[in-house]
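Let me put the model up, and then I'll walk you through a few pieces of it.

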Amino acid sequence: MMQQYLALKAGHPDTLLLYRMGDFYELFYDDAERGAALLGITLTQRGMSKGEPIPMAGVPVQSVEQYLARLIRLGESVAICEQIGDPATSKGPVERKVVRIVTPGTLTDEQLLPEREDPLLLAVLPGHPAGLAWMSLAAGECWLAEVDSAALPAAMARIGAAEIVLPESADPARLFAGVDPAMLGSVASQPDWRFDTARARKELCETLDVADLGAFGVADQPQALAAAGALLAYATLTQGQAPSHLQRLHAWRDDAFITLDETARRNLEVIESLRGDDGPSLLRILDECAGSAGGRLLRRWLQQPVREQAVAAARHDRIEALIEGAHRSLRPLLRGLPDYERVAARIALGSVRPRELAALRDSAPALAGIAERVTELAPAAFADLRAALVPPADALAMLRETIADEPSAQARDGGVIRDGFDAQLDELRELDAGCGDFLTALEARERERSGIASLRVGFNQVHGFYIEVGRGSADKVPDDYRRRQTLKNAERFITPELKQFEDRALSARERALARERLLYEALVAALRPSVAAWQALGRAVAEIDVLAALAARGARMGWVRPRFTPLPGIEIRGARHPVVEAHVERYVPNDCVMHPQRRLLILTGPNMGGKSTYMRSVALIVLLAYCGSFVPADACTLGPIDRIFTRIGASDDLAGGRSTFMVEMTEAAAILNAASDRSLVLMDEIGRGTSTFDGLSLAHAIADRLLAHNRSLALFATHYFELTAIAARDPHAVNLHLAAAEHRNGIVFLHEVRDGPASRSYGLQVARLAGMPTPVVRAAGALLARLEERAREDGDQMDLFGVDLPAAVDDASAPADPVAEAVLARLLDIDPDALTPRAALELVYALRQLAIRD
């Protein structure tokens with residue numbers, strides 16, 4: 001047996017191997033030591049190998065899923081080795097085989113999958129460009145993209161894969177330089193030859209059952225196709241079969257979605273709060289979806305807001321119809337529906353459970369009710385979703401005919417196939433069902449024959465059927481009783497009659513279970529052609545679920561439908577922060593108006609005054625509108641938006657060796673290098689991580705760059721009051737401030753956005769509110785008064801805008817350099833192909849002479 005184990009383990013050296021032995025999965029050697037430490041299970045020893053006992057640890061077959069889930073959460077991959085031979089006929093060790101490999105990116109089991117997240121498997125082919133292919137194996141969807149190598153870290157952070165597959169020759173440390181380790185999943189490798197474009201085209205066409213990939217828009221992406229080929233090979237390796245439920249390829253286009261990088265998602269608290277998973281976030285307050293598939297789709301919409309206004313407007317049409325048509329009537333129908341996409345994937349992979357199939361069958365009435373309801377609300381708006389809500393008729397008929405009304409959880413336990421479906425199974429069940437009557441009659445006869453009133457007939461899985469007699473009555477047993485087991489206070493026997501019945505009954509039970517497994521496997525195979533229809537139905541149900549959840553939130557909170565315009569700009573009246581308003585009794589709404597002639601809003605005011613909340617509210621309203629949701633405002637009109645950038649808060653990157661100020665400058669540089677005139681930019685207190693004049697100078701230069709070069713719609717919060725002078729010299733900039741008022745030596749935050757700059761900072765009042773000791777606040781106030789008096793007397797405060805400052809524009813607009821022009825003119829005057837080596841040397845001397853000329 002150990003030779004068999006070692007041969008199997010050699011094929012999976014870096015993976016924990018769960019080796020099936022009866023009712024347990026065992027781990028041996030290093031796997032046992034590692035598994036025992038990770039799972040907190042007992043480490044034992046058995047036998048000898050090279051003079052040393054063999055370490056081993058095991059988990060019960062019945063509870064293996066909970067242990068697998070813990071290992072996956074820890075980033076481990078696990079190979080499942082099953083007994084595929086018959087122990088009764090095996091002359092040596094029972095034949096075993098690794099039937100699947102469970103990895104963080106290839107989860108399909110219901111017990112292992114997070115309900116409201118899609119673990120993604122990503123394959124990366126480094127190069128220029130880099131090829132990316134990522135897949136949700138549980139949903140049967142795959143995306144392909146080619147990106148510049150410099151953009152690879154941002155793309156990987158956006159995808160957030162649970163597992164990454166690389167060529168064996170790739171260096172992960174070099175490839176992932178600059179990628180936040182928290183955004184990296186576990187890493188696996190495939191041979192380089194797996195990343196082959198021609199091979200990938202052939203295998204993808206076979207899997208998708210098409211002659212050409214042109215219809216998917218990916219034919220012109222050879223690097224991405226090569227990555228997809230390796231992705232498909234890895235999925236096939238781990239599942240033990242090709243993912244036949246892969247029905248769709250998507251060519252990822254950056255211009256299809258509003259770019260929302262990981263920094264923006266984090267700062268806006270789109271998925272998780274800055275405090276952690278348990279804190280309030282946009283997803284958390286919006287996710288009222290009845291089903292887990294709806295929760296996953298909502299998460300995707302929030303992470304990938306569409307850029308095309310018509311797509312978002314179509315979602316608005318549906319939400320409007322739901323709000324006006326009493327959307328609450330849909331909620332009871334949506335609750336309890338199965339997760340169609342994931343069940344369909346398990347049908348394709350042959351791992352679907354009986355109760356999941358029963359749930360598909362039993363959901364038909366609810367689907368009919370949903371279809372009828374949305375048709376009543378808005379026939380035109382819901383036409384395509386209504387058409388997808390019809391379950392495949394042939395599959396539904398098979399399920400109704402085959403599956404029992406209340407099947408058992410596992411096919412191996414029996415009780416799955418409906419009575420009357422198969423005559424042979426019914427006959428075997430009748431034999432098994434007569435067991436109880438026979439044993440009752442036998443027990444009565446034996447009590448009468450032996451005179452032992454306490455005699456009873458029983459059964460267990462280890463010893464089979466038995467007659468149990470108390471130890472005090474053992475001398476009364478008949479001569480034909482044969483001892484089967486001795487207990488502390490009883491003896492167990494068997495008779496020839498009971499043994500004959502046992503052989504017949506156990507044989508019938510085993511044959512019934514075997515027949516039932518065969519029929520169940522045939523049913524699952526027959527259902528495979530319907531996988532695509534179940535997947536389409538699941539996508540329709542998920543979208544209706546999301547729309548109903550958004551309608552419920554919008555109706556309850558008084559949100560409005562946003563309007564779109566092709567002209568650039570943002571006009572929001574009565575804007576509110578969707579998360580904050582849900583957690584406060586009274587929210588003060590504010591307006592935001594931005595357009596090309598009013599594109600930089602400079603916000604001043606005290607800390608705690610609401611600057612960051614105001615800026616975030618604007619960004620989240622834009623995000624919600626382009627997701628297709630109603631928005632928390634009195635009115636909202638939006639122009640085209642291509643990206644949302646944020647530079648908010650203070651944090652360092654100790655692991656990456658970056659200070660708070662370095663992180664701030666890196667994020668600001670990314671914005672200045674990528675923002676366009678259709679981007680929304682949020683800048684909060686830029687430049688505060690260094691000395692006053694350094695920070696002030698950088699903040700001014702960044703604001704000037706946004707105005708003159710990027711021309712983005714920008715909200716710029718600052719405590720540098722000197723920056724408010726920008727509005728005096730540039731009509732495209734506007735000063736706004738968050739109002740506050742002093743009251744009894746304290747401060748009252750009004751949270752109102754008003755025109756003009758703030759009059760003061762209120763830093764000491766905020767410190768008092770924070771609980772700063774009174775002597776410290778008093779001393780700071782006295783020092784502040786002296787500093788302000790000295791500044792007034794000496795006039796030595798630098799007036800940043802009283803000097804000529806260089807504009808933060810491209811080098812091309814700088815004054816011409818005569819030496820550079822002379823060198824350039826000489827270079828443009830030559831023909832490089834006609835130069836001899838000597839002439840080239842003379843040219844170098846001549847250029848040098850030009851460069852050193854006074």
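I'll take a sheet and its helices, then some salt bridges, then one leucine.

Quick housekeeping. This is a predicted model, so local features need pLDDT of at least 70 and side-chain atom pairs count only at pLDDT 80 or more, while totals for chains, interfaces and linings use all residues. Residues are numbered from 1 along each chain as its sequence is written, and side-chain values use heavy atoms, with hydrogens and water left out.

So, the sheet. Two strands pair if DSSP finds at least two bridges between them. With that, we have an open sheet of 4 strands, in the order β13-β14-β16-β15, and the pairing is antiparallel. Which strands stand at the edges? They're β13 (456-460) and β15 (482-486); each has a single partner strand, so one side of each is left without a neighbour in the sheet. From one strand to the next, the twist averages 40°. For angles, axes are lines fitted to C-alpha atoms, for helices over the stretch in contact, and values run from 0 to 180 degrees between N-to-C directions.

Looking at the pairs, β13 is joined to β14 (residues 464-470) by 5 bridges, and G458 sits opposite Y466 in β14. Over on the other pair, 4 bridges hold β15 to β16, with R482 partnered by I494 in β16. A hairpin of 3 residues connects β15 to β16.

Now the helices on that sheet. Contact, by the way, means heavy atoms within 4.5 Å. Helix α19 (residues 435-450) lies across β13 and β14, at about 140° to β13. Helix α20 (residues 496-527) lies across β13, β14, β15 and β16 (490-494), and runs at about 145° to β14.

Okay, salt bridges. I'm counting a side-chain nitrogen of Lys or Arg within 4 Å of a carboxyl oxygen of Asp or Glu, and that gives 51 salt bridges. One of them is R342 with D118, at 3.5 Å from N to O. R342 is in helix α13 (residues 340-349) and D118 is in the loop between β6 (96-102) and β7 (121-125), so the pair ties together parts 224 residues apart in sequence. How exposed are they? On our scale, buried is under 20% relative accessible area, exposed is over 50%, and partly exposed is in between, using a 1.4 Å probe and protein chains only. R342 is buried at 5%, and D118 is partly exposed at 22%.

Then there are pairs inside a helix. E376 and R373 come to 2.9 Å at their closest N and O atoms, and they're 3 residues apart in helix α15 (residues 364-377), about one helical turn. R838 and E842 meet at 3.7 Å, 4 residues apart in helix α29 (residues 837-852), again about one helical turn. R838 is exposed at 63%, whereas E842 is partly exposed at 48%. And salt bridges with shared partners join D118, E141, R248, R296, R300, D339 and R342 into one network.

Last stop, L377, in helix α15. What does L377 touch, leaving aside neighbours within four places in sequence? It's in contact with A321, L322 and G325. L377 counts as buried, at 19% relative accessibility. Its C-alpha is 49 Å from that of A150, which is 227 residues away along the chain.

Conventions
Helices (H or I, at least four residues) and strands (E, at least two) are DSSP runs, numbered from the N terminus.
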